[in-house]
Every structure is written in C-alpha cells, then in structure tokens.
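Good morning. I will take a few minutes to walk through one structure, starting on the next slide.

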Amino acid sequence: MGMLDGILEQAVGAVDIQQIAQRVGLPADKVESAISALGAAHPQAGDTVQTAAGQTGIEPGKLQEIVGHLGGEDALGKIASLLGQGGMLGGLSSFLRE
C-alpha cells in the first residue's frame, strides 16, 4: 500500500484509484495527481477545484467527479489534514507531479 493509499484509507475508507480512474476516464496516475492537488488546494483561499485544475491541467469537471467519488468536500478536508501532517503534503505533491 502506497502512502497515498494509506492516507485515503484513514481519511475516507477504502478507495480504489483504478476504479475512480475508469469512472472518470483518466489514467490512475492522473487521478493520484488530482487527489494530491485537491488535497493541497483545499486549505488554500479560493476555489479548490479551480486551483487543482491550474496545477494539474485536468479539467474542473473531471476534478469535481473525483471529489464526488472521494466523498465530497468533507472528505477533501480530511485528506488535506492528513497530507499536511508532518510536511507530507509538499513531498507527496512534488512526487506525484514528477
């Protein structure tokens, strides 16, 4: 289980990245990048989806679908909180963008 999988498990329960990827029509690595960007954008000022779209190049509609599959804004808040603990957010975001 990767670091993102562990964070998702703690935040929202079992999440199948492959299944979300199939549902939204994106590769799994893009969905992982999207989740990381959404988590990073959530505590920032402004619209979470628009900020993540600017970071990833993924269209806002697809990002909104991913948010829905994760459980909505409450789930993003939990993910953002867990990603931010111990400075993991920056490291994970950088890793997923490479």
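One term before anything else: a residue is called buried when its relative accessible area is under 20%, exposed when that value is over 50%, and partly exposed in between. Take threonine 48, in helix α4. Its relative accessible area is 9%, so threonine 48 is buried. Beyond its neighbours within four places in sequence, threonine 48 is in contact with Leu38, Ala41, His42, Glu73 and Leu76.

Threonine 51 also sits in α4. Is threonine 51 buried or partly exposed? Its relative accessibility is 21%, so threonine 51 counts as partly exposed. Leaving out residues up to four places away, threonine 51 touches Ala41 and Gln44.

Now the whole chain. Please keep in mind that this is a predicted model. The mean pLDDT is 76, and 68% of the residues reach 70 or more. Residues 86-98 are a stretch to treat separately: pLDDT stays under 50 there, and the model has 20 contacts for them beyond four places in sequence.

The protein has seven helices and zero strands. Along the sequence, that reads α-α-α-α-α-α-α. Of the 98 residues, 41% count as buried. The accessible surface comes to about 5000 Å², and carbon and sulfur atoms hold 48% of that. As for contacts with a separation of 6 or more, 61% of them join residues 24 or more positions apart.

Next, the inside. How many residues does the largest nonpolar core have? The number is 21, and the residues with the most contacts inside this core are Leu26, Val31, Ile35, Leu38, Leu63, Ile66 and Leu70. The elements giving two or more residues to the core are α2, α3, α4, α5 and α6. Helix α3 supplies the largest share, six residues.

Let me pick two members of that list. Isoleucine 35 is in helix α3. At a relative accessible area of 0%, isoleucine 35 is buried. Isoleucine 35 and isoleucine 66 are 31 residues apart in sequence, yet their C-alpha atoms are 7.6 Å apart in space. The other one is leucine 26, which touches Ala21, Val31, Ile58, Lys62 and Ile66, again not counting residues up to four places away.

Ala21 brings us to helix α2, residues 17-24, where the buried residues are Ile17, Ile20, Ala21 and Val24. Why do these four lie on the same side of α2? Because they cover an arc of only 100 degrees around the helix axis. What does the face turned away from that buried side carry? There we find the exposed residues Gln18, Gln22 and Arg23. Just after α2 comes glycine 25, with a positive phi of about 75 degrees.

To go back over the main points: the model is predicted, and the protein is built with seven helices and zero strands. Its largest nonpolar core has 21 residues, with α3 giving the largest share.

Technical notes
Residues numbered from 1 in each chain as written. Predicted model: local features only at pLDDT ≥ 70, side-chain atom pairs only at ≥ 80, totals over all residues. Heavy atoms only, no water. Buried < 20%, exposed > 50% of the residue type's maximum accessible area, 1.4 Å probe, protein only. Arc of directions from axis to C-beta. Core = buried A, V, L, I, M, F, W, Y, C linked by side-chain atoms within 4.5 Å. Contact = heavy atoms within 4.5 Å. pLDDT = per-residue confidence, 0-100. Areas by Shrake-Rupley, 256 points an atom, 1.4 Å probe, with all protein chains shown as cover.
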